[in-house]
Amino acid sequence: NMEIVFPRLFFAGNRLLGERVENVSRTLGDLRGIFADVDAFSRMPQNILAYEVSSFLPEQEGTPGGLYFGITYLHPGKVGNEYFMTKGHFHANIDRAEFYWGLEGEGMLILMDQLRRVWAERVFPGSLHYIPGGVAHRMANTGNTLFSFAACWPSDAGHNYREIADHGFAARLLEVDGKPQLIGV
Ligand code: M6P
Ligand code: ZN
């Protein structure tokens with residue numbers, strides 16, 4: 001008789017539950033340096049929650065051929081006229097790709113290739129986004145409600161935050177006349 005088992009992973013409210021699940025939260029203070037309006041940033045409470053990531057990491061980091069899965073919950077808000085957003089990263093193994101897809105709320109996926117060309121895609125429940133290798137990625141919450149999205153990426157991708165921390169993206173997503181606009185820097 002072949003075995004029928006309970007799944008290793010499931011959702012409980014807004015969290016993944018199971019073995020090898022990691023939950024990370026980032027406060028506004030953790031995002032110091034990524035927003036353009038430094039004065040507006042310094043006047044805001046640094047301990048407010050910007051986003052949380054619940055990840056299922058079934059393989060050892062760096063394992064070739066494995067996959068990771070994560071859900072990010074990005075809270076609504078702005079620093080000046082710039083939407084709350086994730087830190088953003090290239091992959092440490094730069095040619096590794098990733099899928100993002102929208103779950104709830106509305107947002108924007110901001111992408112930048114290695115020539116620092118920037119473009120963006122609207123994200124909404126059910127939208128699917130393929131991020132090719134060599135493309136840095138960051139999400140912004142453009143709505144007034146919680147924005148959540150899922151991600152699937154290779155277990156040997158890794159995160160390179162350095163490049164974005166040092167040089168940022170070549171464009172910013174700002175609210176202009178009540179609408180998101182991608183503005184070159
Ligand atoms: C997605 C994935 C994760 C990433 C997270 C938050 O869930 O891409 O790898 O960590 O978003 O983004 P960041 O690490 O850029 O803050
Ligand atoms: Zn990634």
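Let's start with the largest cavity: its lining is Glu 82, Met 85, Ile 110, Arg 138, Phe 169, Ala 171, Arg 172 and Leu 173. By cavity I mean, on a 1 Å grid over the protein atoms alone, a set of points where a 1.4 Å probe fits but cannot get out; a pocket is an open set with protein on both sides within 12 Å along at least five of seven lines, and lining residues have an atom within 4 Å of a point.

Quick housekeeping. This is a predicted model, where local features need pLDDT of at least 70 and side-chain atom pairs count only at pLDDT 80 or more, while totals for chains, interfaces and linings use all residues. Residues are numbered from 1 along each chain as its sequence is written, chains are lettered from A and ligands numbered from 1 in the order in which they are written, and side-chain values use heavy atoms, with hydrogens and water left out.

Back to that cavity. About 30 Å³ of space lies inside the largest cavity, where a volume is the space filled by probe spheres set on the grid points, which are joined across faces, edges and corners. The count comes to one cavity of 30 Å³ or more. Which strand gives the largest share of its lining? That's β14, with three residues; helices (H or I, at least four residues) and strands (E, at least two) are DSSP runs, numbered from the N terminus. By class, the cavity lining has five nonpolar, no polar and three charged residues. Here Ala, Val, Leu, Ile, Met, Phe, Trp, Tyr, Cys and Pro count as nonpolar, Asp, Glu, Lys and Arg as charged, and the others, Gly among them, as polar.

The largest pocket has about 490 Å³ of space. Of its 25 lining residues, Val 53, Ser 55, Trp 153, His 159 and Tyr 161 lie nearest the centre. Two or more lining residues come from each of β3 (21–27), β4, β5 (67–74), β8 and β13. The classes run to 10 nonpolar, eight polar and seven charged.

So where does ligand 1 sit? In the largest pocket, by the rule that more than half of its atoms lie within 2 Å of the grid points. Its shell has 15 residues, the closest being Tyr 51, Glu 98, Tyr 100, His 159 and Tyr 161; a residue is near if one of its heavy atoms lies within 4 Å. β13 gives the most to that shell, three residues.

On polar contacts (N or O pairs within 3.5 Å; within protein, one must be able to donate a hydrogen and the other to accept it, and residues adjacent in sequence count only if both atoms are side-chain atoms), oxygen atoms of ligand 1 lie 2.4 Å from a side-chain N or O atom of Tyr 51, 2.9 Å from one of Thr 72 and 2.8 Å from one of Tyr 100. Taken alone, ligand 1 exposes 370 Å², and the protein buries 96% of that (Shrake-Rupley method, 1.4 Å probe; for residues, only the protein chains shown count as cover).
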